[in-house]
Amino acid sequence: MSLLAVAELSKEYRVPSGAFGRRPLAAVDRVSLRLREGETLGLVGESGSGKSTLARCILQLERPSGGTVTFQGRELTVLAGGALRRVRRLLQMVFQDPAASLNPRLRVGYTVAEPIRLHRLRSGEAAVRARVEELFGWVGLGPEHVARYPHQLSGGQQQRVAIARALACEPRLLALDEPTSALDVSVQAALLALLAELQSRLGLAYLFISHDLAVVSTMARRVMVLYLGQVVEEGPTAEILGRPRHPYTQALLSAVPRDVPWAEPARLVVRGEAASALAPPAGCRFAPRCPWVLPRCQDEPQPLQPVGADHGAACWRAAGGELPIWRA
Amino acid sequence: MTEPLLSVRGLTVEFDAPPGAARVLTGVDLDVAPAEVVGLVGESGCGKSVTALAMLRLLRAPGRITGGSVRFQRRELTTLSEAEIRRVRGRGIAMIFQAPRESLNPVLTIGQQLALVLARHDGLRGRRARARAEELCAMVELGDTRRILGAYPHELSGGMCQRAMIALALACRPALLVADEATTALDVTVQLQILLLLRRLRDSLGLAQLLITHNLGVVAEACQRVAVMYAGEIVESAPAEQLFAAPWHPYTRRLLAARPRIGAPPAGDAIPGSVPDPRRRPTGCPFHPRCYQAQPTCRESHPASEELAPGRHVRCFYPEPAPGPHR
């Protein structure tokens with residue numbers, strides 16, 4: 001059984017329009033996904049693709065406008081109050097900017113101890129303190145860091161504290177929202193290795209959000225590519241990266257800067273930038289930028305269709321087998 | 001090599017940080033030839049942006065240049081008067097930044113901002129200024145020129161704002177463009193568009209560029225030569241192909257190995273420890289506390305930058321002229 005099953009999840013905001021009016025903005029549009037214990041699903045997309053909103057809706061930090069979120073067999077969207085708080089302990093989130101997600105006035109040890117006390121996961125101050133030190137050890141920090149303030153730590157160390165705080169709740173699922181994007185490459189590599197190690201030790205499920213396909217590929221077996229709130233492609237990471245089928249995924253992969261100066265990958269340069277989510281195109285949302293657009297793409301939205309084993313793409317041409325298979 | 005357009009020698013910058021001074025740049029040497037694209041790479045706090053600001057004399061107190069020279073088109077920039085350096089900025093060397101929308105004036109349209117620059121530097125006004133503004137927009141491939149010139153920065157996407165910034169930078173026909181993390185805030189598909197634009201500008205205008213970035217992929221994509229910075233020093237500089245094929249400095253080797261690669265597990269232990277605090281610089285080679293092959297010498301004395309092969313400079317007692325471990 002899946003740990004998490006999301007079906008047809010949508011999130012619509014109503015944003016001011018003109019002096020008095022409001023109009024809908026569909027940030028996430030009918031997304032479905034499943035995640036098992038100990039598994040990682042990569043969510044990839046550029047700014048405005050809805051990947052963070054999707055994670056926030058799954059964790060009930062935002063209430064979805066439609067669809068269901070089933071976690072350990074329970075429907076989260078109908079929970080409230082104490083029942084929601086108890087379940088939420090099991091789903092934790094780590095954000096992109098660790099400095100902004102830690103309280104600058106609290107010693108980091110206190111920040112990590114707080115959820116242990118709130119959820120009464122240990123009784124007695126000595127046990128809480130021992131647990132905090134244990135968590136610090138798990139994330140590669142020493143007991144000497146417990147009494148520090150966030151500004152006395154480097155960005156990488158701050159992010160380790162944020163991970164320790166999430167783990168303090170003894171969660172089953174972590175939503176990692178661009179956890180290494182603000183960090184330097186050497187720090188990023190160490191943090192990714194730490195996350196991989198914690199996952200195998202604790203059997204955690206990860207929802208790993210990133211705009212960086214290389215980072216996602218080191219962490220996730222399955223990847224979902226989002227564009228303007230919709231899933232455009234989904235499948236095993238090796239398939240998506242090796243044989244991307246949706247033109248947007250192909251463009252995203254081909255835009256990753258080269259590894260070495262002499263590598264000359266074929267380039268698929270798409271024109272312009274993503275349309276506004278306020279006025280999304282009627283048909284395929286990628287159609288205005290797509291190099292292989294058909295008349296049909298402009299007005300008929302494409303459902304996700306199988307293009308291989310366990311591999312789906314929302315593209316008429318890909319489903320019809322007409323698109324050249326672009327190789328990275 | 002042709003005579004460099006820009007030649008920085010021994011540039012040293014200190015920040016007054018009572019009780020003493022923090023040395024942020026130490027003896028930086030950097031050359032950019034006409035129509036050459038050079039990458040300056042390094043991690044946060046290594047001094048790459050300070051290098052650019054010091055070159056253009058844009059450093060503010062408590063930072064100050066305490067040594068070295070910056071020669072540009074055969075003129076020494078460090079001793080120019082304020083009025084003279086102002087003429088070099090824009091007309092000689094132009095600079096663009098990471099946050100394009102924040103670098104533009106939010107209350108003026110793109111057209112008005114271009115008009116100001118063209119009037120000030122070229123004395124162009126009216127119809128001739130308009131024609132030049134349209135020409136600049138076409139040069140940076142801004143599409144619908146009429147709409148763009150009448151638009152405010154908030155009405156444009158990040159990529160378009162960066163194109164507008166580049167148009168402003170090109171307005172005075174500079175010989176050198178300094179781009180400080182100019183594509184970092186952009187989505188990768190847009191980053192690629194901007195990198196391809198910069199390449200076309202080099203080819204069509206012969207525009208030399210100094211690309212400051214933390215992203216080695218951007219360097220591989222765009223640069224002919226690379227200088228790698230660590231703790232305020234250039235630790236290695238080389239033609240890009242050679243640096244990627246065989247990095248000689250241990251820091252460069254580890255930096256390359258730390259990059260996430262499609263389909264490979266993360267390289268967790270690439271560079272242990274963290275960047276030194278400029279107020280408490282280690283003795284000897286600043287990288288030695290994190291170096292996997294540090295010897296007693298590295299702790300005791302400071303390595304000089306040596307040219308070990310034509311165009312390849314390394315600041316290390318034990319460089320490794322061998323293929324890197326990352327291949």
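Trainee: Let's start with one residue: where in chain A does A:Glu8 lie?

Mentor: A:Glu8 sits in strand 1 of chain A, which covers residues 4–17. Helices (H or I, at least four residues) and strands (E, at least two) are DSSP runs, numbered from the N terminus. Before we go on: residues count from 1 along each chain as its sequence is written, while chains are lettered from A and ligands numbered from 1 in the order in which they are written. This is a predicted model, in which local features need pLDDT of at least 70 and side-chain atom pairs count only at pLDDT 80 or more, whereas totals for chains, interfaces and linings use all residues.

Trainee: What is phi of A:Glu8 near?

Mentor: Near 50°, which is a positive value in a residue other than glycine.

Trainee: Is A:Glu8 buried or exposed?

Mentor: Count neighbours: with C-beta atoms placed from the backbone, 20 or more others within 10 Å make a residue buried, 12 or fewer exposed, and anything in between partly exposed. A:Glu8 has 12, so this residue is exposed.

Trainee: Which residue of chain B has a positive phi?

Mentor: One of them to look at is B:Arg57, with phi near 60°. You'll find B:Arg57 in the loop between helix 1 and strand 4 of chain B. B:Arg57 is partly exposed, as 17 other C-beta atoms lie within 10 Å.

Trainee: Where does B:Pro62 lie?

Mentor: In the loop joining helix 1 (48–55) to strand 4 (63–72) of chain B. Check the peptide bond from B:Ala61 to B:Pro62 there: it's cis, with omega near 10°.

Trainee: Zooming out, how many helices and strands does chain A have?

Mentor: Chain A has 12 helices and 12 strands. Its radius of gyration is 21 Å, close to the 20 Å from the globule rule for 328 residues, so chain A is as compact as a globular protein of that length. (The radius is taken over C-alpha atoms, and the rule is 2.2 Å times the number of residues to the power 0.38.) Buried residues make up 46% of the chain's 328 residues.

Trainee: How many residues does the contact take from chain A and from chain B?

Mentor: Contact means C-beta atoms, placed from the backbone, within 7 Å. Chain A gives 34 residues and chain B 37 residues. On the side of chain A that touches chain B, helix 7 (185–202), helix 8 (213–219) and helix 10 (247–255) each supply at least two residues. Helix 7 of chain A gives the most, with 8 residues.

Technical notes: Contact = placed C-beta atoms within 7 Å.
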